[in-house]
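Subject: Handing over a structure

Dear colleague,

I am passing this structure on to you, and I would be grateful if you could look through it alongside the notes that follow.

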Amino acid sequence: MEANPRSTTGRLPAAFLTPGSSSFLDFLGDHAPELLPGNRTLPPLKGAVELPHGTTIVAATFAGGVILAGDRRATMGNIIAQRDIEKVFPADEYSAVGIAGTAGLAVEMVKLFQLELEHYEKIEGAVLSLEGKANRLSTMIRGNLGMALQGLAVVPLFAGFDTERGKGRIFSYDVTGGRTEESGFAATGSGSVYARGALKKLYRHDLAEGEMVTAVVQALYDAADDDSATGGPDLTRKIFPIVTVITEDGFRRLSGTEVADIARAVLDERMQRPDGPQAQVL
């Protein structure tokens, strides 16, 4: 395909104006397949190459919706590649994606996913169901399997408010695109074991939004406490986790001030209890 798709008349080809599929990925695959991340040809490499990786993402449902949050650190081997990376993005009005894995590919995949949902809505005149969105993301991850087998894996966490069921839902994935709906909470990335362990003790389905936000920040703190690739709250640089809330009113990202206040409260409590809040034995 030529770099410029316009015809000699200066107009786009008819196929570009009347796409036959509601899937932007299918359309791109038909007309410019080389632009899909999974179709890239990697140059020959000698020796190990370190690329920036996003780390810990956590999600938890509450009575009014779902929370998706992530730390801000990207690592490159044993080096901190970036301290303030963005890892949580809105997919559309009622859903969001948190990225873990190869940072560059993950961000590109999120942008394609956003276009995929927007394209569907324009072509079909309706919003894709939350289940449908989760399936579309699964297809995109599966298309990246070749890259994943070469070490460039992308493993996102998808969360949204299901307007048909009236509740928040969470979906996790493996590198093959395998999709699992999680109950209550989930985590992915290098610090996910510790974050999930923390939420396992702190999570209650009856927690209010503010309480669940605090529980998620506590989980990210525990992940940073035990996983060197996960970044904790950075008071000196004023870098704090990204926390988003999705309810029947749509996607909302908490302001830096809101998250900073919660993080400082968590840190103050940790001065007395370094290991965090204690769950009851029974």
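Of the 282 residues of the protein chain, 47% count as buried, where buried means under 20% relative accessible area, exposed means over 50% and partly exposed lies in between, with a 1.4 Å probe and protein chains only. Please keep in mind that this is a predicted model, in which local features need pLDDT of at least 70 and side-chain atom pairs count only at pLDDT 80 or more, while totals for chains, interfaces and linings use all residues. Residues are numbered from 1 along each chain as its sequence is written, and side-chain values use heavy atoms, with hydrogens and water left out.

The secondary structure of the chain comes to eight helices and 14 strands; these are DSSP runs numbered from the N terminus, with helices (H or I) of at least four residues and strands (E) of at least two. Taking contact to mean heavy atoms within 4.5 Å, 64% of the contacts between residues at least 6 apart in sequence join residues at least 24 apart.

Two helix pairs are described here, using axes that are lines fitted to C-alpha atoms over the stretch in contact, and angles that run from 0 to 180 degrees between N-to-C directions. Helix 3 (residues 103–124) and helix 4 (residues 130–143) pack at an angle of about 135°, with their axes 11 Å apart. Helix 3 and helix 4 are therefore oblique to each other, given that angles under 35 degrees count as roughly parallel, over 145 as roughly antiparallel, 65 to 115 as roughly perpendicular and the rest as oblique. Their crossing is right-handed, a term used if the near helix is turned clockwise from the far one by less than a right angle, anticlockwise being left-handed. On the helix 3 side M109, L112, F113, E116, L117 and Y120 take part, meeting K133, R136, L137, M140 and I141 of helix 4. By class, this contact has eight nonpolar, no polar and three charged residues, with Ala, Val, Leu, Ile, Met, Phe, Trp, Tyr, Cys and Pro counted as nonpolar, Asp, Glu, Lys and Arg as charged, and the others, Gly among them, as polar.

The axes of helix 7 (residues 209–226) and helix 8 (residues 256–272) come within 10 Å and cross at roughly 60°, and these two helices are therefore also oblique to each other. The residues of their contact divide into seven nonpolar, two polar and two charged.

F113 also belongs to an aromatic pair with F158, which is edge-to-face, at 5.7 Å centre to centre and 80° between the planes; rings of Phe, Tyr and Trp (its six-membered ring) pair if their centres lie within 6.5 Å, and planes under 30 degrees apart count as stacked, over 60 as edge-to-face and the rest as tilted. Because F113 lies in helix 3 and F158 in strand 9 (residues 157–162), the pair ties together parts that are 45 residues apart in sequence. F113 is buried at 1% relative accessibility, and F158 is buried at 0%. Ring pairs link F113, F158 and F171 into a cluster.
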